[in-house]
Amino acid sequence: MPNIEQLVRDSFVDVLNEPDLQSGGLNIDRDMADEYGLTSLNKILLITSICDEAQIDLRHFTEHDLADMRTLREVIDAMSRASRARLVS
Amino acid sequence: MQSLINRLVSRRPKPGFRISFNRLDGATSLDLEVLDDLAERAAAYLRAIGIGPSDRIGLLAKNCLEWVVLDLAALKIKAVTAGFEAGKFAITPDLLKDYGLKVLFTDQASDVPNVRPIGTLLEALPPAAATRAKPVRYSADDVTTIKFTSGSTGRPKGLGACVGSIESSLHAVQEMFSHGAGDKLFVFLPLSLLQQRYWIYSALLFGHDVAVSTYEAAFAALRREQPTVVMGVPAFYEMLKKEIDGKARRRAGVWGDRAALREAAKHALGPNVRYLWTGSAPANPTMLRFFEDCGVPIFEGYGMNETCIVTKNHPGAWKPGSVGRVVHGKQVLIGPDGTISVRSDHPVNTRYMYCAPGDSERMFAPDGTVRTGDLGHIDEDGFLFIHGRADDVIVLENGKKIIVRPMEEHMKANPAIQECVIFCVSQSHLIAVASPARRPVDEGAIVRQLSLTNSSFGPDEQIKRVVVADDPFTIENGLLTSQYKPKRQQILEKYRSEINRPHGGYHA
């Protein structure tokens with residue numbers, strides 16, 4: 001099973017592509033939009049990119065689920081659940 | 001010129017081409033001939049519920065098969081569609097009344113009379129009839145749909161789109177890009193934007209595949225569908241650029257490795273892309289160059305709702321920094337002050353259907369020529385270059401005219417700045433309002449960028465201060481249009497006190 005938290009952190013840094021932003025320094029409990037300026041388009045790309053890297057089927061999620069992911073921790077939790085479901089199935 | 005819309009409503013599409021619809025939870029694909037059959041049955045359904053020629057059908061839903069079926073069905077019975085963007089319009093009795101809608105189809109829950117769920121449309125369709133109804137006939141000035149402008153201020157303006165202008169644009173695009181067998185066009189922007197429906201009409205008329213996606217599924221669908229052409233806007237490509245750049249850097253360990261960039265671009269866009277289409281808003285030259293470096297041509301064009309496509313770079317005629325040559329059927333007139341007006345053989349219309357008093361007269365000359373409000377020039381090879389908006393020209397007290405867009409673009413080159421809009425206080429000082437790319441605000445980076453921008457422009461083009469916005473400009477907080485353009489007036493209103501305060505913001 002991939003290290004989901006590290007993957008989420010790396011993907012987040014990739015999506016924002018800020019030279020000074022380090023994945024280890026991210027606060028995973030802060031609102032991604034307020035804290036880091038993540039736009040709705042950014043978020044779609046982030047989720048898509050994580051699913052792609054972790055080989056998680058995007059069909060695990062709905063448009064509503066995406067709207068509910070506001071912090072990196074919520075993304076990590078949702079991805080971990082989906083990853084476990086994939087391994088079980 | 002052959003009437004494409006009459007051909008669309010009267011002939012079956014060429015066999016062998018497909019349309020697909022992508023959502024987060026999966027995709028549906030069907031043959032274009034099957035799509036046409038569904039549209040024929042939907043036309044019978046619309047007739048059965050009392051919809052006839054000139055009646056108006058509202059559509060307010062995410063991109064889906066039913067949206068396309070209803071649009072084509074409306075064309076087949078000469079009903080007029082009105083595509084509403086979710087978020088911009090709420091479903092109320094007044095919406096139906098104000099726009100004269102006989103029925104509205106939506107994917108939102110609603111108990112408003114004459115509103116029907118779009119999701120159950122296919123179940124409600126009658127079986128295919130043994131013979132098809134006699135096709136309707138269109139003339140060039142018939143209106144097929146109402147377009148809504150994503151204007152910077154106030155209520156969206158409504159504009160009836162004439163058949164002649166739709167056909168003229170379809171012909172022009174086909175002449176430049178020759179979409180055909182082997183092509184798959186990718187559409188993810190809302191179908192409420194008429195131009196996004198062009199690519200479906202194009203598939204039916206010229207024979208190629210088309211992949212439609214919801215906005216949310218766009219990135220995943222790109223990889224799944226592996227299109228040859230992506231129909232996007234600058235904000236979307238900026239996102240892709242960041243992703244590709246970041247991935248390439250992580251894999252190669254350094255920034256800007258050409259091979260890693262090409263590999264990452266291929267991964268993000270699929271292996272088949274022959275070009276990317278961008279329009280609707282000005283593209284940052286850095287972004288355009290990036291995709292060229294990735295080995296993916298990207299073609300910028302120029303046009304607005306009121307003119308449709310006016311100019312377009314394309315594989316046969318392309319010049320960096322320009323928005324392309326003028327397409328057939330259009331004429332660009334440059335005024336003595338550099339303002340651009342557009343004359344069309346087949347205008348979209350000659351006035352708005354819905355607008356505030358005076359809006360039509362301001363936009364349209366009596367002969368239908370559109371005063372775009374943009375500034376530009378045409379070079380010796382016939383390529384149009386856009387300098388900015390006439391509204392963006394600031395006249396200083398010394399009489400010097402400043403075009404602020406290049407300065408705003410220069411400020412935005414810094415990753416700490418998401419957006420930048422420049423205002424002028426009392427005709428003497430230029431003040432920038434910058435929306436931070438992230439929190440905490442990187443004040444040092446913004447001030448450094450301010451100095452860098454000032455050193456790159458002339459003595460009259462010096463930004464005295466930069467006010468940092470509380471939050472990023474977004475569509476949701478009303479400071480960006482749905483096409484990601486800053487709403488200058490709203491930004492000014494929100495930050496007026498900081499702009500006017502002599503020591504507000506950061507100084508150069």
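In chain B, strand β5 (residues 101–106) pairs with β6(B) in the parallel sense, over three bridges. Within that pairing, B:Leu104 has B:Val115 of β6(B) as its bridge partner. This is a predicted model.

**The six-stranded sheet of chain B**

- Six strands of chain B form an open sheet with mixed pairing, in the order β6-β5-β3-β4-β7-β8.
- Its edge strands are β6 (115–117) and β8 (158–162) of chain B, and each of them pairs on one side only.
- Neighbouring strands of the sheet are turned by 25° against each other on average, direction ignored.
- Strands of a sheet pair through backbone hydrogen bonds, either parallel or antiparallel.

**Strand β14 and its partners**

- All five of the five residues of strand β14 (residues 308–312) of chain B are buried, so the strand is largely enclosed by the rest of the structure.
- Strand β13 (residues 298–304) of chain B pairs with β14(B) in the antiparallel sense, through four bridges.
- A hairpin of three residues links β13(B) to β14(B).
- B:Tyr302 has B:Thr311 in β14(B) as its bridge partner.
- Strand β15 (residues 325–326) of chain B also runs antiparallel to β14(B), joined by two bridges.
- Here B:Thr311 stands opposite B:Val326 of β15(B).

**Pocket and cavity**

- The second largest pocket holds about 260 Å³ of space.
- It is lined by 14 residues, and the closest to its centre are B:Arg23, B:Lys62, B:Asn63, B:Cys64 and B:Thr214.
- β1 (18–23) and α3 (65–77) of chain B each supply at least two residues of this pocket lining.
- The lining of the second largest pocket has six charged, four polar and four nonpolar residues.
- The structure has one cavity of 30 Å³ or more.
- About 50 Å³ of space lies in the largest cavity.
- The largest cavity is lined by B:Gly83, B:Phe84, B:Glu85, B:Lys88, B:Phe89, B:Phe148, B:Ser192 and B:Leu193.
- By class, four residues of the cavity lining are nonpolar, two are polar and two are charged.

**Salt bridges**

- Over all chains, the structure holds 31 salt bridges.
- A:Asp52 pairs with B:Arg223, with the closest N and O atoms 3.0 Å apart.
- This pair crosses between chains, from helix α3 (residues 40–54) of chain A to helix α8 (residues 218–225) of chain B.
- A:Asp52 is partly exposed at 29% relative accessible area, while B:Arg223 counts as buried at 14%.
- B:Asp55 and B:Lys102 meet in a salt bridge at 3.3 Å, N to O.
- B:Asp55 lies in the loop between α2 (32–48) and β3 (56–60) of chain B and B:Lys102 in strand β5 of chain B, so this pair ties together parts 47 residues apart in sequence.
- B:Lys102 is partly exposed, with 42% relative accessible area.
- B:Arg362 forms a salt bridge with B:Asp359, the closest N and O atoms being 2.8 Å apart.
- B:Arg362 and B:Asp359 are separated by about one helical turn, because they are three residues apart in helix α12 (residues 359–363) of chain B.
- B:Arg362 counts as exposed at 54% relative accessibility, whereas B:Asp359 is buried at 16%.
- Salt bridges with shared partners join B:Arg12, B:Glu33, B:Asp36, B:Asp37, B:Glu40, B:Lys76 and B:Arg132 into one network.

Technical notes
Residues are numbered from 1 along each chain as its sequence is written. Chains are lettered from A and ligands numbered from 1 in the order in which they are written. This is a predicted model: local features need pLDDT of at least 70, side-chain atom pairs count only at pLDDT 80 or more; totals for chains, interfaces and linings use all residues. Side-chain values use heavy atoms; hydrogens and water are left out. Buried means under 20% relative accessible area, exposed over 50%, partly exposed in between (1.4 Å probe, protein chains only). Two strands pair if DSSP finds at least two bridges between them. On a 1 Å grid over the protein atoms alone, a cavity is a set of points where a 1.4 Å probe fits but cannot get out, and a pocket is an open set with protein on both sides within 12 Å along at least five of seven lines; lining residues have an atom within 4 Å of a point. Grid points are joined across faces, edges and corners, and a volume is the space filled by probe spheres set on the points. Ala, Val, Leu, Ile, Met, Phe, Trp, Tyr, Cys and Pro count as nonpolar, Asp, Glu, Lys and Arg as charged, and the others, Gly among them, as polar. Axes are lines fitted to C-alpha atoms, for helices over the stretch in contact, and angles run from 0 to 180 degrees between N-to-C directions. A salt bridge is a side-chain nitrogen of Lys or Arg within 4 Å of a carboxyl oxygen of Asp or Glu.
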